[in-house]
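Visitor: Please put the structure up. I would like to go through it by question and answer.

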Amino acid sequence: MHSLKPINRKARKVEAAVIAATGDVQALQKRGGEGKIYYPMGCTLNFTPGWEVDISGGVAGLCQPVERDLFDCHLGCGWPAQVPDHLNNAVDWTDKCASATNDWRKIDIVFP
Amino acid sequence: MSTTEALTPALTYRQCEFHAFESAGTQFVYLVPSGSIFAIDKIGREILDRVKDISPTREELVGFLTERGYAPAEIETSLMELEFSEVIQRGDLIPPKPKLPEKNFPLQRVVLNITNQCNLACTYCYEYSEDKISKTDGKPKYMTPSVAESSIDMLIKESGDRPSIHVTFFGGETLLNFPTLRTSVDYAKRKCAEAGKHVEFSLTTNATMLNEQIVDFISEHNIGVTVSIDGDRELNDKMRVFSDGRGSYDVIVPRIKMLLQRHKTNSIGARVTLSSGNSHVRRIYEHLTQEVGFYAVGFSPATANPNRLYSIGETKMETVLQGFEDLAWEYRDWALAGRQHGFTNVNDTLKELHSGMSKAYPCGAGLGLLGVGTAGDISLCHRFVDSDVGKMGHVDKGGVDHAARDQFLGTHHIGARYDCHTCWARPVCAGGCYHEAFVHYGDTSAATLHYCDWIRGWNDLCLRIYGEISQQNPSFLDRFSEN
């Protein structure tokens, strides 16, 4: 904290509670005060193709090229990603990809 | 506009409860009731001063700080921190209602008064003096091994999930009943091994009965020892006398030296009772550490009705606080040099300040600790054994009286001690000793008001020492982080 520096153990607990209550929303990969990178919880902890960063914070470990649009976004996430229209124009986009871990190469490229 | 501002647009800032203090050029705040300690910077202090002076609105406060040259982002951050940490707030101060402990709070310690007999006749003794509250008529003089074993069974049963429990042996003079002490230690170790618990022991003694055989037993079983002694021959023998008036100093000192030399497996502390004839803190401390050889010495004023001749009185208490302060600064000097000083009153308070303890009760009596008298009567603590006050069952007749215990805890909670509600020292004090209150006011639930100024003075002193150590030798405080 800025004005208050915790001295005893209880003060460190108060500080943690204050930070938890007042902490800001962090952009992905923004470096925090201690040099930490904020990773989104959830997606990167699973095998989910196309997320922005892998679990190490880079793109080398992604299961599909980062240029490809997000596979998971178009089903399970509200993020406005540019993914094929699953409901109307590209209903069978992922039909050949039963398991993303094994079959990600079979995801079709869709041309609008 | 922040969310909090939007919710409370017209309210003015007030200070929450805290005690501000300065040490070694740094400003600190000790927050109440949380017990947290923060160093506070310049803008923080200016905010507190302004809030104290005029109770400003947020707009007024931001305007004042802007004029003082602080940047908007810094003002915003500082105000948010001070508000969320509950150093300042907008609107009236409404302290949170303290919570009562859970029912059947697990027991951690029993104090077994294994005898109500003593071979000394110390003038100030609360068990035998004019302020005696125990009624030992018709009670056995010595606790039998059977009663002690029932007490240990009760402790194990009532300790719930606690992995470690503690048995303290007390008296009278504890070592007058060494046979029960010895069998109790063996029994407790066996039963705790069966129950998968760790057990520790301690005892208090006047040292008159110590011999090599007893000391070897104490050492073998890692028993912590507290020795009652009041200083050098002249000071000790004023009050600590045999029934014929003979002083005890010459009898006990050779035995204490033998104890210190032979017993290395647990702590040995001296416990000094200060009274009207004996308030020479430094003289006592230096004698007991340098001449007798103690590493740890703790002081406590005699508990007494103020009309008693040996009652320490207000004037003497000022002398005592000066003596404490003198020794406490010496403790500080040692701590800054990385050395452990033996003045345990400072050490104990620093430990509580370091953890940020915020007590709902002044001590563990009735909560994690119970006393047991020679006949097996359970009481609030060892000081109330066999008295009409604080009865809490019998070890062989139904065990702990939980209804009586709950009733006591409900009426003695800090929330029920109205005198304490505006005191900044209540996280550490919580109203003071029940026995002290009973002897002084005839009421265990009364706050020990005759000590209030003294306790605030003492806690302020220890906070300043803590603050200085935290800035200049913080690694010294690591020793308080255990557990």
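This is a predicted model: local features need pLDDT of at least 70, side-chain atom pairs count only at pLDDT 80 or more; totals for chains, interfaces and linings use all residues.

Visitor: In which sense do S1(A) and S4(B) pair, and what is the bridge partner of Lys5(A)?
Guide: Two strands pair if DSSP finds at least two bridges between them. S1(A) and S4(B), residues 37–40, have three bridges, and the sense is antiparallel. The bridge partner of Lys5(A) in S4(B) is Ala39(B).

Visitor: Which strands stand at the edges of the open sheet?
Guide: Four strands form the sheet, in the order S1(A)-S4(B)-S3(B)-S2(B), with antiparallel pairing. Each edge strand has a single partner strand, so one side of each is left without a neighbour in the sheet. The edge strands are S1 of chain A and S2 (18–23) of chain B.

Visitor: What does the twist of that sheet average from one strand to the next?
Guide: Angles run from 0 to 180 degrees between N-to-C directions, and axes are lines fitted to C-alpha atoms, for helices over the stretch in contact. From one strand to the next, the twist averages 35°.

Visitor: Which element gives the most to the side of chain A that touches chain B?
Guide: Residues are in contact if their C-beta atoms, placed from the backbone, lie within 7 Å. By that rule 15 residues of chain A are in contact with 23 residues of chain B. S1 (4–6) and H1 (9–22) of chain A each supply at least two residues of the chain A side. With seven residues, the element that gives the most is H1(A).

Visitor: What pattern does chain A follow along the sequence?
Guide: Chain A has three helices and one strand. Read along the sequence, the pattern is β-α-α-α.

Visitor: Is H2(B) roughly parallel or roughly perpendicular to H4(B)?
Guide: H2(B), residues 42–54, packs on H4(B), residues 72–84, at an angle of about 65°, with their axes 10 Å apart. Angles under 35 degrees count as roughly parallel, over 145 as roughly antiparallel, 65 to 115 as roughly perpendicular and the rest as oblique. That makes H2(B) and H4(B) roughly perpendicular.

Visitor: Which residues of H4(B) make the contact with H2(B)?
Guide: By class, this contact has four nonpolar, two polar and one charged residues. H2(B) gives Ile43(B), Gly44(B) and Ile47(B). H4(B) gives Glu74(B), Ser78(B), Leu79(B) and Leu82(B).

Visitor: Which residue in the turn between S14(B) and S15(B) has a positive phi?
Guide: S14(B) and S15(B) run antiparallel, joined by two bridges. In S15(B), the bridge partner of Gly393(B) is Val400(B). The two strands form a hairpin with four residues between them. The turn residue with a positive phi, about 95°, is Gly398(B).

Note on methods: Residues are numbered from 1 along each chain as its sequence is written. Chains are lettered from A and ligands numbered from 1 in the order in which they are written. Two residues are in contact if their C-beta atoms, placed from the backbone, lie within 7 Å. Ala, Val, Leu, Ile, Met, Phe, Trp, Tyr, Cys and Pro count as nonpolar, Asp, Glu, Lys and Arg as charged, and the others, Gly among them, as polar.
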